[in-house]
Every structure is written in C-alpha cells, then in structure tokens.
Amino acid sequence: MSSHVIDMVMLRNVFGTPEMRAVWSDENRLQKHLDVEAALALAEAELGLIPADAAKVIAEKARVELLDLQAIADEVLKAKHSLMPTIRALQALCGPEAGEYVHFGATTQDIVDTGMMLQLKEAHAIIVRDLSAVARQLARLAREYRDTPIAGRSHGMQGLPTTFGFKIAVVLSEVLRHLDRLKEAEARVFTGVIGGAVGTYAAFGPLGPEVEALALRKLGLHAPDICWHSSRDRQAEYIGILGMISATLGKLGNEFYNLMRTEIDELEEPFTSGKIGSSTMPHKRNPAAFEGIASLAKPVRYNVALVQEAMIVEHERDAMSWRGEWIALPETCIYLSAQLSSTKAVLEGLVVKPENMRRNLDRLGGLLLSERVMFALADRLGKQSAHHVIYELSMKAVEENTPFKDVLLADKRVAEALDEKTLEELLDPAAYLGSAPQIVDRVLARAEQSPWLRED
C-alpha cells in the first residue's frame, strides 16, 4: 500500500513519470548493487585476487530476478543493516565455493554509493534528453514569436514593450546553460568508489587501486583519486544543478500561470476534452499544468538543502549522511521528471494570443511609452528635465483618467517640441522594441550551434 504521492496510484503520474520511477525502484536499486558486486568480482579475478570460476558464478547470479526482494527486506529489519541481507542472498545463490568470494574486500558504502551513482547516471540520461526537448520547444516559440509585441512587466506592472519571443529566449538561454552544466559535471559526478572499510584498500592489498579502477571501468564510471565516503560534494553539486533546472521550470510555469489570468489572457495551456477545472464551477479552465510545474520547484529546493546537509560527515563515514541522500536524490529526480514532461507538453500545445497581447499593450492609453516620449523630449529639455515633465504629465493622465496623448498635446512644453503625428508614432508600442528581435536571433544562433537542439 502506497503512502507517498510518488507511488500513489491516483497521484504518481502528477508527481513523476513511470520511466523515472523505474530508475529509483526497489528492483533497480538492488540490481545496481548486484552490478557493483559482479564488477568487483570480475575485476578481482582478472587481477588474480579471487578464482576466475568464482567470479563467473557471481556475475551470472547477480540478477535481481533471482532474488526474493521481500525476503531480503524482512532480513534488513532483523539485521538492522541495509546491505548484508543482499550479500547473504547472493552468496547463497552462488553456492558454498563461489559464495565465499562475494563482496570480497569491499565495504557496504562502496556498494551503496557506487550503485547510487549508477542510478543517478541513468536518471541523468533522461533529464538531459527531456531538457533538450524543452529547449527545442522554447527555440521554436522564440523563433515564431520573435517580433510579437507584448507588455514587459516589472514589479507586476507594465513597464515597456518587449516581444513574446524575447521572453521565451530568456528562458531558452537559461536552459542552455543548465544543459552545459549537466554536461560539464559528468566527469566529476559520475564517479564510483571501492575503497574498503575506511577507504585505504587495506583488504585488497597493493592491488587495491587497480581493483577499484577496473571494476568502475566495467560499470562505466570514473575512478576517484581518493575515497569519497566522507566527501559528498558530487551529489551536492549534481542536485544543485537539478535544483536550478527545477527553479527555471517553476519560474516559467508561474509566469505562464499569471499570463493566463482572465484579466490578462495572453496565453493558455493546452485544453483537452474531458479536462475539468472545478467541481462546482463548470466554466473553469484552470492553469492546472502551469500550477503543477511551479509547485514542484519547492520540494526540490528543500531537497537541495537536505543533500548539502549530508556533506557534513563524521570521521571516515556515517549513515546519517547516506539517509538524507536516499530521500532527496530519488525524490528530486522524480519530481523533476514530472516538471520536464509537463513543460514539454504545454510548450508543444501552448495557445498564444497575440491579439490580447496587443490589447493589453494599449490598456494604459499610451503611458507604456512614457520613456520613449521622455527621450524624444530630452533633445530639447535635457534628460532629467524631460523626466520631470513626463512624470508630471503621466501622473495627471492616471489621476484624471485621460488619454496620455491628450495630456501631452495639451502641455505647451511638449507641444512646442513634438507635433501630433510625431506623438502618434512615439506612442506605437510595436515601434519601441529596442533590439529584442535581434537578441532573440543571437540566442537562437547559440542554441543552434550547441548540441542541445539536435534530435538523435
């Protein structure tokens, strides 16, 4: 019976994806431990530490489907040890002779940490794939809406015109940096460890470093320069990157949530037949997907802190640090998988409403272009004096609910410098976009030169 949203039948696909849950499942976790035990035995056999026949048997039997998961779980409760029941079960499968060489010279943390890195590497492949798909959709939208005017807002209020493509390109640039970070971290993060009890290879003898390097090579992991049982910075670095990715997606979800408000109505998340917004208000078409994307950034952020706490390890190792990672790493990857999947889906079907963007650009009756009028007036009055004049007239337009253009034309200082036709041109939001379209082009050029937009 499930008691966490990640696994609840009715909620699990809101908080994660089946693919990512499978990476962090009991079965896959156990298989990764068995993979490490098999690689260790094969490496030791190649280096002459254990018989080759024994290593062959261990590698053949190190398969999760041959073990009774529930029986191992029951033994964990009895032994109060997370790995020893697995070792005993594998030993029994291998028989009295080969079984004696299971886990030869290793310590629990070697197997658990290296197994976790194998799981994290699997999760990483999914995250990179899905974040790249998000980048492709962002690039498509930035290109399509490169020149589409929209109100740029600061402090929640309209400030100056920009383009919807520019808004999207800002996020695209951020996502590209995250993808670069993920790639750059691979060599540091995906590193295993097989150092023995306190990391000195004592039980392996002088061949210890070679045993570790060979076993990890078989697993597709890097070998460390020194045991990292008490150094948890790799996990902290990686989850820090995941936290930033989650925050970027959360920001996008929250932005879209606000732009979908009835009073703004500049875009809408995809609507599918049968989707219900409210149990009592039949008309509602709620931003459920946007809310979901934004909401998952919070638990991910707290998990980042939890893994950073795990960096404080006592002596050569302790179980307190492990346990925080066991909670936070799977949860984070699963929550992020939901954010990525949902973001990709809403971007693919996003309903963009340029006509409403234009309507909102005109809501302030020209006040949105106060900066442009100020700089035009500055040629005659000077910038600071022009700011004083336009501020005064802007406040008058707001307080008297009068079109900005009428207030400007009625003012002698403005009328002497700017005629009505010039003012009309100055108050056109589509003509005051700065370099927004060209900057979109710059971001898209960088995206296209990167490996992240390519579909394999």
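How many helices and strands does the secondary structure of the chain come to? The count is 20 helices and four strands, where helices (H or I, at least four residues) and strands (E, at least two) are DSSP runs numbered from the N terminus.

This is a predicted model, in which local features need pLDDT of at least 70, side-chain atom pairs count only at pLDDT 80 or more, and totals for chains, interfaces and linings use all residues. Residues are numbered from 1 along each chain as its sequence is written, and side-chain values use heavy atoms, with hydrogens and water left out.

**Whole chain**

Select the C-alpha atoms. Along the principal axes they fill a box of roughly 100 × 50 × 40 Å.

Next, colour by accessibility. Buried residues make up 48% of the 456 residues; buried means under 20% relative accessible area, exposed over 50%, and partly exposed in between (1.4 Å probe, protein chains only). The chain exposes about 22,200 Å², and carbon and sulfur atoms supply 54% of that area, by the Shrake-Rupley method with a 1.4 Å probe.

Contacts are heavy atoms within 4.5 Å. Of those between residues at least 6 apart in sequence, 76% join residues at least 24 apart.

Now show the charged side chains: 51 are positive and 64 negative, and the centres of the two sets lie 4 Å apart. Lys and Arg count as positive and Asp and Glu as negative, with His and the chain ends not counted; each charge is placed at NZ of Lys, CZ of Arg, CG of Asp or CD of Glu.

**Tyr-101 and Phe-104**

The structure holds five aromatic pairs. Rings of Phe, Tyr and Trp (its six-membered ring) pair if their centres lie within 6.5 Å; planes under 30 degrees apart are stacked, over 60 edge-to-face, and the rest tilted. One of the pairs is Tyr-101 with Phe-104, tilted, at 5.9 Å centre to centre and 40° between the planes. Tyr-101 is partly exposed at 26% relative accessibility, and Phe-104 is partly exposed at 29%.

**His-155**

Go to the loop between strand S1 (149-154) and strand S2 (157-163), where His-155 is found. His-155 is not a glycine, yet its phi is positive, about 55°. Is His-155 buried or exposed? With a relative accessible area of 82%, His-155 is exposed.

**Tyr-201**

Last, select Tyr-201 in the loop between helix H8 (164-189) and helix H9 (208-219). Phi of Tyr-201 is also positive, near 65°. Tyr-201 counts as buried, at 15% relative accessibility.
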